[in-house]
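Student: Can we go through this model together? I'd like to start with how the strands pair.

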Amino acid sequence: MVTPTVVGIGGFPDRRMAEYVLGLAPGRRLLFVGTASMEDPGLAAAVEELAEGLAEVTRLEFRVSPPPGLRELVLGHDVVLVGGGNTANMLAVWRVHGFDEILREAWREGVVLAGWSAGMICWFEAGVTDSFGPQLAGMRDGLGLLPGSACPHYDGEELRRPVYRRLVGEGFPAGIALDDAAAARYAGTELVEIVASRAGAGWRVSADGEERIEPRLLS
């Protein structure tokens with residue numbers, strides 16, 4: 001029986017994190033989705049450089065329209081890696097083209113879903129985002145594969161921690177926060193572990209405060 005897997009990463013992954021994510025998949029075919037960055041070619045090139053020698057990388061772009069055979073393209077890969085950028089815009093584009101439902105099917109079929117920043121937030125019901133401006137805001141429009149909320153860049157951006165804690169204290173869904181070098185792996189909807197490629201951790205955040213989750217350091 002296939003176990004659906006999601007890996008949320010706090011910030012842009014390094015080589016050890018990429019090896020960790022790919023090690024969870026049955027193969028090395030990686031589909032990079034750069035919708036949140038408006039298909040930034042520089043970011044896509046950085047992902048290809050990151051995965052050089054580790055995976056065969058294909059870019060999925062919605063620049064004009066999605067490619068033909070979108071469902072078959074996604075299901076033909078072992079990992080879908082979603083990049084950072086504007087979460088709200090990304091989700092809107094995905095839904096117009098039915099990509100959200102394709103991702104749900106891929107998740108159920110055992111394709112590893114992963115991503116950093118916007119690519120972390122999108123799998124949850126809600127998240128803290130700069131999609132609407134640098135002041136940060138709560139967004140309750142995620143794909144909902146995972147329950148609760150998420151916040152990336154917990155140690156990497158000054159406003160992330162206070163804004164997330166305030167939002168949750170005011171009734172925003174409780175959830176998980178990740179430092180830039182940390183990642184959270186979910187089997188189905190259950191958190192399995194926190195890993196980090198260097199100094200960093202995960203945090204459970206509720207109306208009662210935050211609780212540090214010690215990571216397993218990747219070698």
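Tutor: Two strands count as paired if DSSP finds at least two bridges between them. Helices (H or I, at least four residues) and strands (E, at least two) are DSSP runs, numbered from the N terminus. This is a predicted model, so local features need pLDDT of at least 70 and side-chain atom pairs count only at pLDDT 80 or more, while totals for chains, interfaces and linings use all residues. Residues are numbered from 1 along each chain as its sequence is written, and side-chain values use heavy atoms, with hydrogens and water left out.

Student: Fine. How many bridges do S12 and S13 pair over?

Tutor: Five, in the antiparallel sense, between S12 (residues 202-206) and strand S13 (residues 209-213). A hairpin of two residues links S12 to S13. Arg-204 has Glu-211 as its bridge partner in S13.

Student: And what is the sense of the pairing between S9 and S12?

Tutor: Antiparallel, over four bridges, with S9 covering residues 175-178. There, Ile-176 is bridged to Arg-204 of S12.

Student: What is the strand order in the open sheet of eight strands?

Tutor: The order is S3-S2-S4-S5-S1-S10-S11-S14, and the pairing is mixed. At the edges are strand S3 (56-60) and strand S14 (216-217), each of which pairs on one side only.

Student: How many bridges join S10 to S11?

Tutor: Six, with S10 (residues 182-187) and S11 (residues 190-196) running antiparallel.

Student: S1 next. Is Thr-5 buried or exposed?

Tutor: Thr-5 lies in strand S1 (residues 5-9). Thr-5 counts as buried because its relative accessibility is 13%; the cut-offs are under 20% relative accessible area for buried and over 50% for exposed, with partly exposed in between (1.4 Å probe, protein chains only).

Student: What does Thr-5 touch?

Tutor: Leaving out residues up to four places away in sequence, Thr-5 touches Leu-24, Trp-107, Val-111, Val-112, Leu-113, Arg-185 and Tyr-186. Contact here is heavy atoms within 4.5 Å. The Thr-5 side chain also reaches the backbone oxygen of Thr-3 at 3.2 Å. From C-alpha to C-alpha, Thr-5 and Asp-155 are 25 Å apart in space and 150 residues apart in sequence.

Student: Trp-107 is on that list. Which residues of H5 are buried?

Tutor: In helix H5 (residues 99-109), Phe-99, Asp-100, Ile-102, Leu-103, Glu-105, Ala-106 and Trp-107 are buried. Just after H5 comes Gly-110, with a positive phi of about 100°.

Student: Which residue other than glycine has a positive phi near 55°?

Tutor: Ser-117. Ser-117 sits in the loop between strand S5 (112-116) and helix H6 (118-121), and Ser-117 is buried, at 11% relative accessible area. Met-38 also has a positive phi, of about 60°, without being a glycine. Most residues other than glycine have a negative phi.

Student: Is Met-38 buried or exposed?

Tutor: Met-38 is exposed, with a relative accessible area of 70%. Met-38 belongs to the loop between strand S2 (29-33) and H2.

Student: Last topic, cavities. How many are there of 30 Å³ or more?

Tutor: Three. On a 1 Å grid over the protein atoms alone, a cavity is a set of points where a 1.4 Å probe fits but cannot get out, and lining residues have an atom within 4 Å of a point. Grid points are joined across faces, edges and corners, and a volume is the space filled by probe spheres set on the points. The largest cavity has a volume of about 90 Å³.

Student: What lines the largest cavity?

Tutor: Ile-9, Pro-13, Met-17, Ala-18, Val-21, Leu-22, Leu-30, Val-47, Leu-50, Ala-51 and Leu-81. By class that is 11 nonpolar, no polar and no charged residues. Ala, Val, Leu, Ile, Met, Phe, Trp, Tyr, Cys and Pro count as nonpolar, Asp, Glu, Lys and Arg as charged, and the others, Gly among them, as polar.

Student: Which helix gives the most to the lining?

Tutor: H1, with four residues. Helix H1 (15-23) and helix H2 (41-50) each supply at least two.

Notes
On a 1 Å grid over the protein atoms alone, a cavity is a set of points where a 1.4 Å probe fits but cannot get out, and a pocket is an open set with protein on both sides within 12 Å along at least five of seven lines; lining residues have an atom within 4 Å of a point. A polar contact is a pair of N or O atoms within 3.5 Å; within protein, one must be able to donate a hydrogen and the other to accept it, and residues adjacent in sequence count only if both atoms are side-chain atoms.
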